[in-house]
Amino acid sequence: MQVIGLTGGIASGKSTVSKLLKKMGAVVIDADIVSREIMVKGTEAYNKIVEYFGREILKEDGEIDRKKLGNIVFADRRKLKKLNEITHPIIIERIKEKIEEERKKNQQKAIVLDAALLIEMKLYKMVDEVWLVVVDSKTQIKRVMERDKLSYKDALNRIKSQMPLDEKIRYADFIINNSKDFKAMEKQVTLFWGRFAT
């Protein structure tokens, strides 16, 4: 069974590609869902995050307000580094478990690991090939501002907190250009996934 690592910068359209692959029959392990699961109230990561960042990052129900936490860490690299140190080892272990669970089912030719930080977290070492979704910077900034209701400056902070696209490209086996319309992107994904769907 092949493991495909799907990644891309913020607002590149990676989630759209992931949904499309699911529609085509792919089993997708979503690193963002895993990160939400490991941060729920009472978990090891939750306790460490609250201890470091304080109770002001919590919602009324006691769960972590991810938007508040995001605004803090994307404006301060040191705090982002600390959050990553807390969460990444736990996320990686959980992803390994999920891949093993899928391998045991052994019904697929390939599974997709959808992870924005696939390269930064060294998750690319766990996959057989890397698919990178790219978009031009003007479109990316516009999408981040619209999607997350952010100012130009905050959108730029989020983009700059990630690894530059030029660096990511060096790790990519396949590049999906999502600067045009949905049809153009769908055509590329269909072509790449077709190798496993037959």
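## Asp148 and the end of helix H6

Asp148 has its place in helix H6, which spans 137-148; helices (H or I, at least four residues) and strands (E, at least two) are DSSP runs, numbered from the N terminus. This is a predicted model, in which local features need pLDDT of at least 70, side-chain atom pairs count only at pLDDT 80 or more, and totals for chains, interfaces and linings use all residues. Residues are numbered from 1 along each chain as its sequence is written, and side-chain values use heavy atoms, with hydrogens and water left out.

The relative accessibility of Asp148 is 18%, so the residue counts as buried. Here buried means under 20% relative accessible area, exposed over 50%, and partly exposed in between (1.4 Å probe, protein chains only). Leaving aside residues up to four places away in sequence, Asp148 touches Ile10, Lys67 and Arg158, where contact means heavy atoms within 4.5 Å.

Lys149 is placed in the loop between H6 and H7. With 69% relative accessibility, Lys149 counts as exposed. Its phi is near 55°, a positive value in a residue other than glycine.

## Helix H7

Helix H7 comprises residues 152-160, and its buried residues are Ala155, Arg158 and Ile159. They lie on the same side of H7 because they cover an arc of only 100° around the axis; the arc is that of the directions from the helix axis to the C-beta atoms. The face turned away from this buried side carries the exposed residues Lys153 and Lys160.

The cover over the buried residues of H7 includes helix H4 (66-73) and helix H6. Arg158, one of these buried residues, is also a contact of Asp148.

UniProt, in an unreviewed entry, lists Ala11, Ser12, Gly13, Lys14, Ser15 and Thr16 under "binding site". The lining of the largest pocket includes Ala11, Ser12, Gly13, Lys14, Ser15 and Thr16 from this annotation. UniProt positions are given in the numbering used here, feature names are shortened, and annotations may be inferred rather than shown by experiment. On a 1 Å grid over the protein atoms alone, a pocket is an open set of points with protein on both sides within 12 Å along at least five of seven lines, and lining residues have an atom within 4 Å of a point.

Ser12 is found in the loop between strand S1 (2-8) and helix H1 (14-23). Ala11 and Gly13 are also in the loop between S1 and H1. Ser12 is buried, with a relative accessible area of 1%; Ala11 counts as buried at 10%, and Gly13 counts as buried at 15%. Ala11 has a positive phi of about 60° although it is not a glycine. Beyond residues up to four places away in sequence, Ser12 touches Val133, Val134, Val135, Arg143 and Asn178, while Gly13 touches Val133, Arg143 and Asn178.

## Val133 in strand S4

Val133 belongs to strand S4, residues 129-134, and counts as buried at 0% relative accessibility. Residues up to four places away in sequence again excluded, its contacts are Leu6, Thr7, Gly8, Gly9, Ser12, Gly13, Lys14, Val17, Ile176 and Asn178. Val133 and Ser35 are 98 residues apart along the chain, and their C-alpha atoms are separated by 21 Å.

## Helix H3

In helix H3 (residues 44-53) the buried residues are Ala45, Tyr46, Ile49, Val50 and Phe53. Seen down the axis of H3, they fall within an arc of 125°, so they line one face of the helix. They pack against H4 and helix H5 (77-105). Gly54 follows H3 and has a positive phi, near 90°.

## Domains and their interface

The chain is divided into domain 1 (1-24 + 107-197) and domain 2 (35-93), with bounds that come from an automatic or database domain assignment. Their C-alpha centres lie 24 Å apart. Nine residues from domain 1 and nine residues from domain 2 take part in the contact.

Between them, the two domains bury about 810 Å², 60% of it on carbon and sulfur atoms. Buried area is the accessible area (1.4 Å probe) that two parts lose on being put together, summed over both. Met121, Arg158 and Ser161 supply 60% of the area that domain 1 buries against domain 2, more than any other three residues.

Note on methods: 1 Å grid on protein atoms, 1.4 Å probe; cavity = no way out; pocket = protein on both sides within 12 Å on 5 of 7 lines; lining within 4 Å.
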